[in-house]
Amino acid sequence: MFFFLFLLFSFSTLSLSHPFSPLDNYLLDCGSTAPLTTAATSSLSADHRLFSGDLARTPNSPFHSPSLRASVSLRNDAQFAIRLMVLVLFLAWVFVWVVAPTDTYKQIWLPQLKAKINSSYFGKQGATLLLFTVPILFIAVLGSIYLHIAKKYNYFKIERSKNGKKCEGVFIGKRPMLVRGPLGIVSGTELALLFMFIVLLVWSFSNYLNNSFAKISQKSAAEDGEKVWQKKLDKSALMLGKVGNICLAMLFFPVTRGSSLLPLVGLKSESCIKYHIWLGNMLMTIFTAHGLCYIIYWAVTNQLSKMLEWKKTGISNVAGELTLLIGLLMWLTTFPRIRRKAFELFFYTHHLYILFIVLFIFHVGISYACIMLPGFYLFLVDRYLRFLQSRQQARLVSARVLPCEAVELNFSKTHGLTYNPTSIVFINIPSISKLQWHPFTVTSNSNLEPEILSVVIKSEGAWSQKLYQMLSVPSAIDHLNVHVEGPYGPVSTDYLRHETLVMISGGSGITPFVSIIRELIYLNITLRYRTPKLTLICAFKNTSCLSMLDMILPCYGINGDISSLQLQIEAYITREEDHKQNNNSIPLQSIWFKPNQKDSPISTILGPNSWVWVGAIISSSFIIFIILIGMINHYYIFPVDHNTNKIFSYPLKSSINMLVICVSIAMGASAAVLWNKKQNVKEAKKVQNMEGSSPSVERELESLPNQILANATNVHYGGRPDLRRLLLELKGSNAGVLVSGPKEMRQEVAAVCSSNLAENLHFESFSFNW
């Protein structure tokens, strides 16, 4: 499924106009509006000022110079060349998967390739690495370069046509096609891609079976002392395993949070979780059938003793059975009812994936497992980088305890750490649980608040309830050890392409919209962009939850006037008939934490050029792996085995390869992190002693939202919003509808947006399934 998303991206990006994209036309030839003032641009970096659209419109703008046009053209040429190479590599990789089940591939092409590259350094493993691993890793490196260019030159990704009207842009269709069902909310594009992936599975299975059954006859079965149907059952079990491996090869791509492949196709890590779920369900269904077929086959042929076989060379049945049992245990805890009621059980059992992968490689051998290596490899790179970042202790500056049993945590961050709206971070508090990491939406804006990163945590589960109790007691703690991973989020946003933005939230689902509103506030008051008309429709259980609206404005205030921001808030209190003061609620209170020498501001572990470093880590670590494993094969394995794969121990060879992979990734990633750590330390020194400004900030923290925000808010009691009526009444040809909240709310909004009466509505759902 994932590679079909890649295919769609490749064709769509290559169809973009060349040499100038809509953004370039906007920067170079836009009509004039109010230019930026000197004060507004003075706080921006050189790159920000250079690529600000309003600055580009001034008469003496450098954007009208031939040198800049040449620079933009060169950048477009580079991106076009990268897209072309990605397309060629990807199509070649897909072609290999399509032809792999055929006799032509197995009997002609693969033997010829092995004969050419078979050597004492890589043996038969070399062909698998070349066909299945190298293309994807090379695409990941090219993607890192592409994203670095996009980040550097397209900081404000605002697409408009030359006449100033907001254009649609090129994007993967998000219009819902299925709203209710086991797949969740699914767009037409996702449905088509899922169908194509299933077709690939069916094609592979049918080809494997046809080619295998063609070699089975009464005579051949009798020679083995079996009946024809028993022989066919044996082959069917084997082919089910091969088809399941296709799902396993794709399984880790959607959950590689820092991968360059996801943003390259316009996807966010949290929105890809459903693809991981789909693939996992298909994988375990096929693997379970694979295991059951073999057990039945062994039982009817009186070979149950084979269940205890762990051969020195060849397939290890014991390792395969243990892999299946571990997979079934993980699969069982993923069912929604079990996951909701026993999340910790799901969380801890899912860490068995490490043992699952190790035993799977023991089961099939490292040479065959290299077919699945790209997903494993990129996931390991990402996981190791996350591990290094999570070792740092983040500096928690302050917290706000809200009457609605929620807390806002404000962390110190470096200026170099930037992120887009709807980004998430993973937080670990050892005093609550040393192992649990929980994802939360970042509500702050890295432009409005260059030194602060904020999250809002609603007291809903056991972990968050313990945190709320720790901070809400009168004798609150003065220091809290916190570890942070992230942030992870979209590479770019396209909210400005809409005339109107309608944001619909339920409960704590308002948090991603806080980050979006703050981004639009920044664009409106600092860069003087004309932002879309904003309507926030939020549903809360009781009046105390209205304090969540206090989070819309930054806790450290705004230097500017937001009166030009077209914002309307419609708040619905569903369990109260009228406004009444809740005397039992805790008033909003602020907590300041003492600094600790071990604490450090949250920073990007690979510096401002993180995508370049990700590409460097992938390429350098894989080169190290190739060199080390080549030497080990040449001087240790080949003298024993001579590329026969019949003498040297499979488990030992697999263990050596897994160890070398881990060592190679650790070497490449550690070197990159240490190189960037010096710069992060220098920047951290600039943001150390914040205690001096605490009193004035505290006064700001305790203030209510300004009068403009209060006047823009209407509160309705005693019912839920009539979402169908509100959405169908929207005027204009281009309205973005964003929804974040309970499943029923998201389904209701998706149903409205998918109807023929809502052609002007563009649906997007925020469902955080981490």
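A residue is taken as buried when its relative accessible area is under 20%. By this criterion, 18 of the 24 residues of helix 11 are buried in the predicted model, so the helix is largely enclosed by the rest of the structure. Helix 11 covers residues 228-251. Its 24 residues should span 34 Å at 1.5 Å a residue, and the end C-alpha atoms lie 35 Å apart, which agrees with that expectation.

Helix 11 is in contact with helix 13, which covers residues 273-300. The two axes come within 8 Å and cross at roughly 160°. Since angles over 145 degrees count as roughly antiparallel, helix 11 is placed in that class relative to helix 13. The crossing of the two helices is left-handed. Sorted by class, the residues in the contact of helix 11 with helix 13 comprise 21 nonpolar, 7 polar and 1 charged.

Helix 21, formed by residues 511-525, has 15 residues. The distance from its first C-alpha to its last is 21 Å, close to the 21 Å expected at 1.5 Å a residue.

An open sheet of 6 strands has the order 15-12-11-10-16-17, and its pairing is parallel. Strand 15 (713-717) and strand 17 (761-766) stand at the edges; each has a single partner strand, so one side of each is left without a neighbour in the sheet. From one strand to the next, the twist averages 15°.

Within this sheet, strand 10 (residues 500-506) pairs with strand 11 (residues 533-540) in the parallel sense over 7 bridges. Val-502 stands opposite Thr-535 of strand 11, and Gly-506 stands opposite Ala-539 of that strand. The burial extends to both faces of strand 10. One side carries Thr-500, Val-502, Ile-504 and Gly-506, the other Leu-501, Met-503 and Ser-505, and all of these are buried.

A further open sheet consists of 5 strands in the order 7-6-9-3-14, with mixed pairing. Its edge strands are strand 7 (438-441) and strand 14 (599-600), each of which pairs on one side only. Strand 6, made up of residues 424-428, pairs with strand 7 in the antiparallel sense over 4 bridges. In this pairing, Val-425 is located opposite Phe-440 of strand 7.

Pro-639 belongs to helix 22, which covers residues 610-641. The relative accessibility of Pro-639 is 43%. Because this value falls between the 20% limit for buried and the 50% limit for exposed residues, Pro-639 counts as partly exposed. Pro-639 and Ser-120 are 519 residues apart along the chain, while their C-alpha atoms are separated by 8.5 Å.

Methods
Residues numbered from 1 in each chain as written. Predicted model: local features only at pLDDT ≥ 70, side-chain atom pairs only at ≥ 80, totals over all residues. Heavy atoms only, no water. Expected span 1.5 Å × (residues − 1). Axes fitted to C-alpha atoms, helices over the stretch in contact; angles between N-to-C directions. Parallel < 35°, antiparallel > 145°, perpendicular 65-115°, else oblique. Left-handed = near helix turned anticlockwise from the far one by under 90°. Nonpolar A, V, L, I, M, F, W, Y, C, P; charged D, E, K, R; others polar. Pairing = 2+ DSSP bridges. Buried < 20%, exposed > 50% of the residue type's maximum accessible area, 1.4 Å probe, protein only.
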